Amino acid sequence: ASYDMGGHDTYMHKEICEQPDAVDRVLRGRIDDRFSTVHLGGLNLDAREARTIRRIKILGCGTSYHAGLIGAGLIESMARIPADAEPASEFRYRNPVVDPDTLYIAVSQSGETYDVLAAVQELKRKGARVLGVVNVVGSAIAREADGGVYVHAGPEVCVVSTKCFTNTVTAFALLALHLGRIRDLSVTDGKRIIEGLRKLPSQIEEILKTEEQIKEIAAEYAGAQSMMFIGRVRGYPVALEASLKLKEISYIHAEAYPASELKHGPLALIEPALPTIAIVPDDDLLEKNRAALEEIKARSGRILAVAHQPQAKADHTIVVPKNEDELDPILMGIPLQLLAYHTALAMGRDIDKPRNLAKSVTVE
Ligand code: G6P
């Protein structure tokens, strides 16, 4: 790649640090304060059409699939449209029921991932409406889609995605707000979300200042054989993405589970040698999440919490700034990008080019 590393040792580090500016870019020019809504010029979906959507199905691979899972949650909570995300590769091969009242959304950083492109083509062939949430302008998926939202993360060189993930989730928040304000989201709630969105860049800036603390924690975890990531509802896709990031660049085995499912199996794994990384936002599930930490502590498991306030049961807490409940997942993933980074660095891994992986998989 020919982009300047700008004084960073790796592209990944550069791209993590670029996130305040990247998020600023995805928001810029799109917020309409007069109606507490957003303007998305390329959507190609008028209000009357938007009101007829009965379901939303989001398709992507890898990190983009995880961004889609958070996106589905944002759409359900703000627009109250049933939404879910599925790996594009799975969707394509299960002969899915393609329903005219469903809006399909393809998510891709590169816009070239073959499994996603093929899913879009199959959907279009069946007459479905497909939008793209894509980073690379003019890419194959962007061209094939009926419309969409560019995420404006800028060029991403490191094989694993960081800033594009954050921008994609932020783009989904804009789309959810847009659909919500066409449907049942009040002006007041719209305003609340807009204020939250505007706080993101400076809050990310604050999180990046915790890097030294995260580096020290990473040094402790670098020898682990395996790690467990847990979260609930909005926090679960954050856990999935954090565990993927760790696997991709450190080659440490990691699992992500909904905290609520611990008791149905994975609790058997908990022992001092298996650290747990827990997403513990200060929301309506705080007490439930704390109960999970207690369960783990009772089995002598080590715990790192990513939370809005220090957690008594955790060995370490990375405290992140609070935003609106809906937008918290955008912030809670960021310290875990740094955790994966510093863990991999401590293990001497080739961070920008992990073994066996490619930036985009353009073949079957
Ligand atoms: C590859 C990369 C992943 C990426 C996935 C989807 O597997 O290694 O980091 O998340 O493709 O890429 P896309 O460009 O479609 O977002």
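Hi everyone, let's start at the ligand. The shell of residues around the ligand divides into 7 nonpolar, 9 polar and 1 charged. There are 17 residues around the ligand, and those that come nearest are Gly62, Ser108, Gln109, Ser110 and Thr113. Which helix gives the most to that shell? That would be helix H4, residues 62–79, with 3 residues.

Before I go on, please keep in mind that this is a predicted model. The chain has a mean pLDDT of 96, and 99% of its residues reach 70 or more. For the complex, the predictor gives an ipTM of 0.96 and a pTM of 0.97.

Now, let's stay with H4 and look at its partner. Two packed helices are described by the angle between their axes and the distance between the axes. For H4 and H8, the axes come within 8 Å and cross at roughly 25 degrees. An angle under 35 degrees counts as roughly parallel, so H4 and H8 are roughly parallel to each other. H4 passes H8 in a right-handed crossing. If you want to find the contact on screen, look on the H4 side for residues including Ala67, Ile70, Leu74 and Met78. On the H8 side, the residues they meet include Phe165, Val169, Phe172 and Leu177. By class, this contact of H4 with H8 has 13 nonpolar and 5 polar residues, and no charged ones.

H8, which covers residues 163–182, also has helix H2, residues 19–27, beside it: their axes come within 9 Å and cross at roughly 30 degrees. H2 and H8 are therefore roughly parallel to each other. Left-handed or right-handed, how does H2 pass H8? The crossing is right-handed. From H2, the residues in the contact are Gln19, Ala22, Val23, Val26 and Leu27, and they meet Lys163, Thr166, Asn167, Thr170 and Ala171 in H8. That contact of H2 with H8 has 5 nonpolar, 4 polar and 1 charged residues.

One last pair, further along the chain. Helix H11 (residues 235–250) and helix H14 (residues 334–346) have axes that come within 9 Å and cross at roughly 20 degrees. That makes H11 roughly parallel to H14, and their crossing is right-handed. Here Ala242, Lys245, Leu246, Ile249 and Ser250 in H11 meet Leu336, Gln337, Ala340, Thr343 and Ala344 in H14. Sorted by class, the contact of H11 with H14 has 6 nonpolar, 3 polar and 1 charged residues.

Technical notes
Residues numbered from 1 in each chain as written. Predicted model: local features only at pLDDT ≥ 70, side-chain atom pairs only at ≥ 80, totals over all residues. Near = placed C-beta within 6 Å. Helix = DSSP H or I, 4+ residues; strand = E, 2+ residues; numbered from the N terminus. Nonpolar A, V, L, I, M, F, W, Y, C, P; charged D, E, K, R; others polar. Axes fitted to C-alpha atoms, helices over the stretch in contact; angles between N-to-C directions. Parallel < 35°, antiparallel > 145°, perpendicular 65-115°, else oblique. Left-handed = near helix turned anticlockwise from the far one by under 90°. Contact = placed C-beta atoms within 7 Å. pLDDT = per-residue confidence, 0-100.
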